[in-house]
Amino acid sequence: MFTCKCCAVSAAALVLLGACANQSTVQQSSVPGPALGRAATAEEIKAWSISIAPGGAGLPAGSGSVQQGVAVYAAKCAACHGEKGNGKPADALVGGLGTLATAEPVRTVGSYWPYATTLFDYVRRAMPTSAPMSLTNDEVYAVTAYVLNINGIVAGDAIMNAQSLPQVKMPNRDGFVDYSRK
Amino acid sequence: MKTRKLPAPAGDPSDRRNFLKHGIVSAGAVAVGAATAKAHAADPIGKDFPAFSVTPGAPFRGYGQPSRHEEKVLRALTPGYGAIAPGTGSSRTPLQTLNGALTPSGLHFERHHNGVPDIDPAQHKLLIHGLVKKPLVFTEAALLRYPMVSRTAFVECAGNSGANTLPAAPQANCGAIHGLLSGSEWTGVSLSLLLDEAGVEPGAKWFLAEGADSAAMSRSMLLDKAYDDAIVALYQNGERIRPEQGYPMRLLVPGYQGNLNVKWLRRLELTEGPTHTKDETSKYSMLMRDGKARQFMFELGVKSVITRPSGGLGMPGAGLYEISGLAWSGAGRIVKAEVSIDGGTSWREAVLQAPVLSKALTRFRLPWQWNGSPAMLQSRATDEKGNVQPARAEWTAQYSAANRYHNNMIQTWAVKADGSISNVYL
């Protein structure tokens with residue numbers, strides 16, 4: 001009984017759609033949406049595109065040195081990440097090299113993160129937690145340089161910018177296995 | 001005194017047949033009638049009706065709340081960083097006090113990376129750009145006019161049950177251990193519909209989803225998911241999504257790591273490859289014993305947990321209890337939930353409460369005649385793809401001792417003769 005009733009309603013609806021083709025109709029799920037999105041301007045896209053790809057796409061103009069990063073780190077980061085990135089109360093940023101396959105792995109920027117671009121991306125969008133997006137691009141480059149330096153990944157005279165940062169080879173670059181299609 | 005028949009599990013008519021098929025798990029027949037009668041005599045129906053029956057009740061209110069007698073049913077709060085970031089951490093669904101397969105919206109678990117933003121929907125926008133022919137901006141008002149679909153789905157944090165990967169079994173209740181798990185009906189716009197309007201370029205294989213919270217939490221995933229079952233959700237359990245769950249809109253990717261269901265969704269960027277954000281490299285990646293890490297392991301494994309009886313809930317004396325819990329899988333429907341009362345030596349199939357939906361919480365039930373002896377309660381789920389929930393040893397053999405993610409190993413609750421229940425590793 002129920003099935004018959006259901007079929008009857010569907011048939012009626014189809015007839016209705018056919019009869020009123022030039023008027024408003026009930027849309028089926030396969031037809032496109034109402035197209036209510038408006039075109040995004042280039043300025044809007046630029047303002048909101050804060051993601052940085054591993055190859056460096058999206059990195060802004062500007063630069064910062066390890067030495068400049070010392071001051072930025074002391075002012076904006078040390079209260080949570082400790083002196084020289086040793087951690088507490090927030091995550092440690094240094095150490096752990098060579099520990100990943102041991103019984104007590106220590107995962108930090110230096111020992112675990114595969115791309116230096118991720119450090120710039122994350123610091124700029126989310127740090128410090130009390131005032132995200134408050135650092136200038138120069139400050140983000142500088143503190144990125146500093147954190148890479150205290151991990152022994154870049155030299156003390158290193159300068160990070162849109163060209164140099166993607167060139168940094170992180171120690172654990174090859175430590176990840178892509179499971180997206182497994 | 002009347003002899004009462006053992007109650008059949010509640011639910012649809014097929015449950016009755018299932019009950020007869022599955023029977024009662026029993027550790028020995030025990031007469032419990034005398035104890036029950038004694039309890040009744042101590043709490044008789046009085047001569048007068050209680051005050052609440054003979055005085056007018058409360059008037060109407062615009063939004064209902066639970067009974068004040070349920071005020072202790074709360075999420076367990078586990079802020080991760082204290083005063084330096086009070087909005088960073090999680091709260092957990094009190095699974096041990098709930099029943100059914102849906103979670104009240106106000107008890108849905110939370111995981112925030114820098115607090116809950118107070119978003120004015122009139123100011124919120126969703127930008128779709130990257131490898132699309134026509135980058136688009138959608139307002140909330142525009143999206144509310146779109147055709148919608150509903151999906152009943154679980155959301156589980158990839159770090160759920162992480163405490164059970166620690167060296168010693170934590171003594172906490174079911175929600176505190178496993179409550180980064182909730183189930184809701186989500187309603188919104190098919191992501192594929194919006195992407196089709198923007199026009200996907202042939203080179204697009206991934207997309208990045210970003211939130212409008214002050215952590216701007218962002219994750220990459222394969223574009224395939226957008227054309228499978230992903231939606232931009234605007235409603236949860238019939239009402240607009242609550243701020244803690246992503247108001248005014250969140251991404252819903254059924255069966256995937258909770259973290260991928262990006263809340264407060266403001267931006268979708270179609271890309272050729274993954275962006276390798278912080279939350280898909282340093283976090284939410286699974287460190288293995290060999291030091292390598294599994295990355296972009298989106299789908300959550302088949303899993304179950306007995307929510308009652310469970311850790312911290314006492315059992316007041318021998319008698320009939322219902323063993324009840326939840327089973328779920330990121331791969332699809334649950335086809336079987338088994339229960340053991342002897343730590344996995346023998347198993348009995350539990351009744352699955354209908355409807356059993358793909359990538360949704362499924363309630364299972366099994367009556368248990370407890371004779372008062374110590375017992376080891378376990379549950380084990382199987383999904384429609386044939387995946388079986390792993391034993392503790394099987395799970396731990398794969399992962400680094402430091403890995404806390406994707407823990408879907410079998411949970412053991414140890415029942416002592418005095419009715420107390422604790423969390424044990426077996």
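Guide: Let us start with a definition. Buried means under 20% relative accessible area, exposed means over 50%, and partly exposed lies in between. One caution: this is a predicted model.

Visitor: Why is Glu44(A) called partly exposed?

Guide: The relative accessibility of Glu44(A) is 25%.

Visitor: What makes Arg38(A) count as partly exposed?

Guide: Arg38(A) has 37% relative accessibility, so it falls in that middle class too.

Visitor: How do you know that Arg38(A) and Glu44(A) meet in a salt bridge?

Guide: Look at the distance from N to O: it is 2.7 Å. The rule asks for a side-chain nitrogen of Lys or Arg within 4 Å of a carboxyl oxygen of Asp or Glu. The pair Arg38(A) and Glu44(A) therefore qualifies. Over all chains, the count comes to 21 salt bridges.

Visitor: What makes Arg219(B) and Glu280(B) a salt bridge?

Guide: Their closest N and O atoms are 3.4 Å apart. The limit is 4 Å, so the pair counts. This bridge links distant parts of the chain, 61 residues apart. Arg219(B) sits in strand E10 of chain B. Glu280(B) sits in the loop between strands E14 and E15 of chain B.

Visitor: Why is Arg219(B) called buried, and why Glu280(B)?

Guide: Arg219(B) has a relative accessible area of 0%. For Glu280(B) the value is 1%. Buried means under 20%, so both residues are buried.

Visitor: Which residues do salt bridges with shared partners join into one network?

Guide: They are Asp121(A), Arg125(A), Glu210(B), Arg266(B), Arg267(B) and Glu269(B).

Visitor: Which residues of H5(A) meet H6(A)?

Guide: Ala116(A), Leu119(A), Phe120(A), Val123(A) and Arg124(A) do. Their partners in H6(A) include Asn137(A), Tyr141(A) and Leu148(A). The residues of this contact divide into nine nonpolar, two polar and one charged.

Definitions and conventions. Residues are numbered from 1 along each chain as its sequence is written. Chains are lettered from A and ligands numbered from 1 in the order in which they are written. This is a predicted model: local features need pLDDT of at least 70, side-chain atom pairs count only at pLDDT 80 or more; totals for chains, interfaces and linings use all residues. Side-chain values use heavy atoms; hydrogens and water are left out. Contact means heavy atoms within 4.5 Å. Helices (H or I, at least four residues) and strands (E, at least two) are DSSP runs, numbered from the N terminus. Ala, Val, Leu, Ile, Met, Phe, Trp, Tyr, Cys and Pro count as nonpolar, Asp, Glu, Lys and Arg as charged, and the others, Gly among them, as polar. Buried means under 20% relative accessible area, exposed over 50%, partly exposed in between (1.4 Å probe, protein chains only).
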